[in-house]
Amino acid sequence: MTEPFLQIRGLRKDYGIVNAVSDVNITVERGEFMTFLGPSGSGKSTTLYILAGFENPTAGDILLNGESLISTPSHKRNIGMVFQRYTLFPHLSVGENIAFPLKVRRWGKAAIDAKVQAMLRLVRLEGFEDRKPAQMSGGQQQRVALARALAYDPPVLLMDEPLSALDKKLREEIQHEIRRIHQETEVTILYVTHDQEEALRLSDRIAVFSKGVIDQIGTGPELYANPATRFVASFIGDSDFVTCEIVSARDGRADLSIGSGGAIAGVPVHGTAVDGGMAALMLRPERLSLSRISTGAGTTGLSARVNDITFLGSSIHVAASAPSGETLSVRLPFGHEAAAGLSRGDTVFIGFDPASAHVFCG
Amino acid sequence: MLLNFERLGAWKWILLVITGLTAAFLILPIVFIAALSFGSSQWLIFPPPSWTLQWYKAFLADPRWLEAAWTSFRIAAVVTVLSVLIGLVASFGLVRGRFIGKEALRALFLTPMILPVVVLAVALYAFFLRIGLNGTTTGFVIAHLVVALPFSILSMTNALEGFDKSIEDAAVLCGAHPLEAKIRVTLPAISHGLFSAAVFSFLTSWDEVVLAIFMASPTLQTLPVKIWTTLRQDLTPVIAAASTLLVIVTIALMLLAALVRKGLKS
């Protein structure tokens, strides 16, 4: 059996009595783009900093090609990193910045010059080698930082929210660049972000961090379609939650009842379901249907009162309140017949496929 | 802006006059001394009856004056080097270190700035008497180092706090040993702080007189001490010449510092 490329095993980090991350287990394939996604303080950056060697783990191990990295100091790990803030060396030109890791490695002058030119081509900044960092825009600086981090062909590239200081338009532009560079160089990338859209756009797989642990690891579609926890469900894609009661649960499916409404059968259930216990039913706005009257037997759903209707260009967003008072959002394509003539205060029936919903216990 | 100078009306002129008077109050004594140093009157008559360079010639012809100037320069140079080196290490500790009592330690490092110099001078004098450092270059250097270090630490901690440590981390991940990263990346990035530290350390020692009077011996005197002792014995315009030279070196260094700061910014 071949050794996995990069393994993070049972990683734990405590600061005094405060636990930052615990029980982090991730296996990354060579060439994979893996994103650590989570809100601030969820432990994603701490995990990245342990990989970089700036923090020592309290417990656990990191194996690169089967060999532990933990006792190797940062400067000998041969890992590339792009930081959240601009970290170009201010007194050096762009070319000298990219050459820095090569000079440290005692490369010859000709080899350094050739590599600097190749890296400038890779990030599309040919002709900029004599500029000083202060003369470049934020986006350009991050591209130079990327070129510098890749100049020595590191097996792994770490990126710590590299685009968070940029505006939205520039961010999308550089996301494209990062994807292209990932495909061209085939470098393994571990990317930290709190932006789910960025994670979905860039990554092969996403590890969702919450409160210092990984809730779930999977591809974007997997996380979207099959969230393992309520947190993942709320963090990836839009979702609303409705309180419900578990009538009975078996084999990962549950029958529920919502308020005084009818039973809903066969919803995928997560967590420990107790018959008669309360749980949260997760519904995605784009998976819901809306009609004026109950479409009758065989359709699962609940009635609600329309609170607000928002036109969003290609879609129409209807906010409605369930009998319990909880708000449900329904997204309808523009021109959908159900939206015609709909006004605030109307009573509507919101239907969904039980198999596409999820119920989270505990 | 809360106060717009252009819109102050009559206040504008009042402010200008106050500023002018303050500047004159600060600068006139220096101008006065400089004028006297070129005056022909042996009794320092103002305005001078005629102009001459003879007091400068006398200064340059007197080995005691030259030796005092050289002593001042030597001590200031050694103080500068030590102050920058010690200040740099201390600043890294104060800015980057994580330990209890860090803020207290920082305040302690700055106390020589507020402490009356004469108190410090008496204490050092008494202590150096016991260990035989009075009248030695080492004694001078230590005494001046005590008052120079706060300036050095102040300007370097400021520079270091304004420097994003991620930049140094980036250099380390690029493969540079942490020490190499500090030397090749952090130090050039905070060079303006190092430079200010050096200039202020030099000047602190160069024109310091209180500690110097306590540390001096008849054979080891700095220029300010020599001016002071000469002044007590007889009133010669050579003192004015020496004072003017002292001021010229100071102004030259300040100008250099301003130029370098401007150059670093652009």
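The model is predicted: local features need pLDDT of at least 70, side-chain atom pairs count only at pLDDT 80 or more, and totals for chains, interfaces and linings use all residues. Residues are numbered from 1 along each chain as its sequence is written, while chains are lettered from A and ligands numbered from 1 in the order in which they are written.

**Contact between chains A and B**

- Chain A contributes 18 residues to the contact and chain B contributes 16 residues, where two residues are in contact if their C-beta atoms, placed from the backbone, lie within 7 Å.
- On the chain B side, helix H7 (165–173) and helix H8 (178–189) each supply at least two residues; helices (H or I, at least four residues) and strands (E, at least two) are DSSP runs, numbered from the N terminus.
- H7(B) gives the largest share of that side, seven residues.
- The side of chain B that touches chain A consists of 11 nonpolar, three polar and two charged residues. Here Ala, Val, Leu, Ile, Met, Phe, Trp, Tyr, Cys and Pro count as nonpolar, Asp, Glu, Lys and Arg as charged, and the others, Gly among them, as polar.

**B:Leu110**

- Helix H4 (residues 102–114) of chain B contains B:Leu110.
- B:Leu110 is classed as partly exposed because it has 16 C-beta neighbours inside 10 Å; a residue is buried if 20 or more other C-beta atoms lie within 10 Å of its own, exposed if 12 or fewer, and partly exposed in between, with C-beta atoms placed from the backbone.
- Apart from neighbours within four places in sequence, B:Leu110 contacts B:Pro150 and B:Leu154.
- A C-alpha separation of 8.0 Å is found between B:Leu110 and B:Ile153, which are 43 residues apart along the chain.

**Six-stranded sheet of chain A**

- Six strands of chain A form an open sheet with mixed pairing, in the order S6-S7-S8-S3-S9-S10; two strands pair if DSSP finds at least two bridges between them.
- Strand S6 (80–82) and strand S10 (213–218) of chain A are the edge strands, each pairing on one side only.
- Strand S7 (residues 156–160) and strand S8 (residues 188–193) of chain A run parallel and are joined by five bridges.
- A:Asp160 has A:Val192 in S8(A) as its bridge partner.

**Hairpin of chain A**

- Strand S17 (residues 315–321) and strand S18 (residues 327–333) of chain A run antiparallel, with seven bridges between them.
- A:Ser321 is bridged to A:Thr327 of S18(A).
- Five residues lie between the strands of this hairpin, and A:Gly325 takes a positive phi near 100°.
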